[in-house]
Amino acid sequence: MVDLHTHSTASDGSYSPSVLMAKAHGLGVGTIALTDHDCLDGLDEAAKAAAGLGMRFIRGVEIEIAFGPGEFHLLGLDLQGSNQNLLDAIKELAASREKRNRQVFDLFLEQGYDLRYDELKERCGSGMIGRPHIAELLVEKKIVKNKQLAFDKFLAKGRPFYIQKDCLQLARAIELIHSAGGLAVIAHPMSLFVSWTRMRLLFPQWQELGMDGLEAWHPIARVVDCERLETLAGELGLKVTAGSDYHGPIRPDRNLGRTAGNRTIDDRYFLSLGR
C-alpha cells in the first residue's frame, strides 16, 4: 500500500513521526509521505524510521494557500532537500498560526468561555497547534459533544470563531516547492468549494503557474467525485495522487493506506509522480 498524505505531532497529528512510520508499516504501507501543515520538522525523524523499516519515504509538506470561498491546501511532495527560502516561508506561516490561535482564544474569553491557550500549549508540548486541537479541547470542556460540532459551530470557515491565518499566494508556494525539488499538488480539491465548471477554468490557470497534479483521492470526498477528478487530471495532463490525510485518533474516520470509500491506495499513485 501507498499513502501520500499523512500528519504527525510535528503539526496536528496524534503520533510522532517515528511512531507513525511504525503504524503504517504494521498495516502494510510500503511507501509513505509525511506532509505536515506548514512544517518540515518531522521529516528527518520519519525518514530515519522509515529506512529502518524498509519503507520508501517521501519528504513532503502541506501549505495553506490564500483562496475563497473554500480552503486551498497545496502538497509539496518528494522534496529533495532543505531549501532556505522554503524554510523561511514555513517559519513565517508557523508564526502566523500562533498569532491566529491566540486571537481565537481571545474571542472565546470575550464571549465568556473559560478556555486558556497556554493550557492547550502545555498539553501539546512542542508540536504545532491547529484547529483540531482546539476542537478537542472544546469537547473535553463539554462545550460541544464532538469535534465535528466544534467545527460546525465555532471553528470552520464562516463560523464565529474562525480567524484566517496568513497564507501564501499560490505562485509563491509553487515556486518554493519547486525550488526544493518537489512537486506541487492540490490537496483534497473538493475543499475548494467551487463548481466543476470553475474547476475546469482554474486548473489550467494554475498549471501555467507550475501546478503539477491533483490529489484526486481523499477520504472526505465521494468516490464518484474522486473518479471525476482523476478523469479531469488525465485530460489536463496532471499527475494524480491519493492519500488518507491521516491524523490518528484525533480524526478517527481516516485510516492509513486508505482513501475515499475505504479503498486501498495502490502503487500506481506513487508511480504517477514519475520520480
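These legends describe close-up views of a predicted model.

**View 1. Strand 6 meets strand 7.** Strand 6 covers residues 213-217. Strand 6 and strand 7 run parallel, joined by four bridges. Look for Glu 215: its bridge partner in strand 7 is Thr 241.

**View 2. Helix 5 is mostly covered.** Helix 5 spans residues 131-140, and seven of its 10 residues are buried. Among them are Arg 131, His 133, Leu 137 and Leu 138. The buried residues pack against three helices: helix 3 (84-110), helix 4 (117-124) and helix 6 (147-155). Just past the end of helix 5 comes Lys 142, with a positive phi of about 60°.

View 3. The structure holds 12 aromatic pairs. In one of them, the ring centres of Phe 105 and Phe 108 are 6.2 Å apart. Their planes stand at 70°, so this pair is edge-to-face. Both residues lie in helix 3, three residues apart, or about one turn of the helix. Phe 105 is buried, at 2% relative accessible area. Phe 108 is buried too, at 0%.

**View 4. Tyr 113 pairs with Phe 154.** The ring centres of Tyr 113 and Phe 154 lie 5.7 Å apart. Their planes are at 85°, so the pair is edge-to-face. Tyr 113 sits in the loop between helix 3 and helix 4, while Phe 154 sits in helix 6. The pair therefore ties together parts that are 41 residues apart in sequence. Tyr 113 is partly exposed at 26% relative accessibility, whereas Phe 154 is buried at 2%. Ring pairs link Tyr 113 and Phe 154 into a cluster with Phe 105, Phe 108, Tyr 117 and Phe 161.

**View 5. Arginines sit over aromatic rings.** Arg 56 lies over the face of Phe 270, 3.8 Å from the ring centre. The charged end of Arg 228 sits over the ring of Trp 196, at 4.2 Å from its centre.

Conventions:
Residues numbered from 1 in each chain as written. Predicted model: local features only at pLDDT ≥ 70, side-chain atom pairs only at ≥ 80, totals over all residues. Heavy atoms only, no water. Pairing = 2+ DSSP bridges. Helix = DSSP H or I, 4+ residues; strand = E, 2+ residues; numbered from the N terminus. Buried < 20%, exposed > 50% of the residue type's maximum accessible area, 1.4 Å probe, protein only. Contact = heavy atoms within 4.5 Å. Phe/Tyr/Trp six-rings, centres within 6.5 Å; stacked < 30°, edge-to-face > 60°. Lys NZ or Arg CZ within 6 Å of the ring centre and 35° of its normal.
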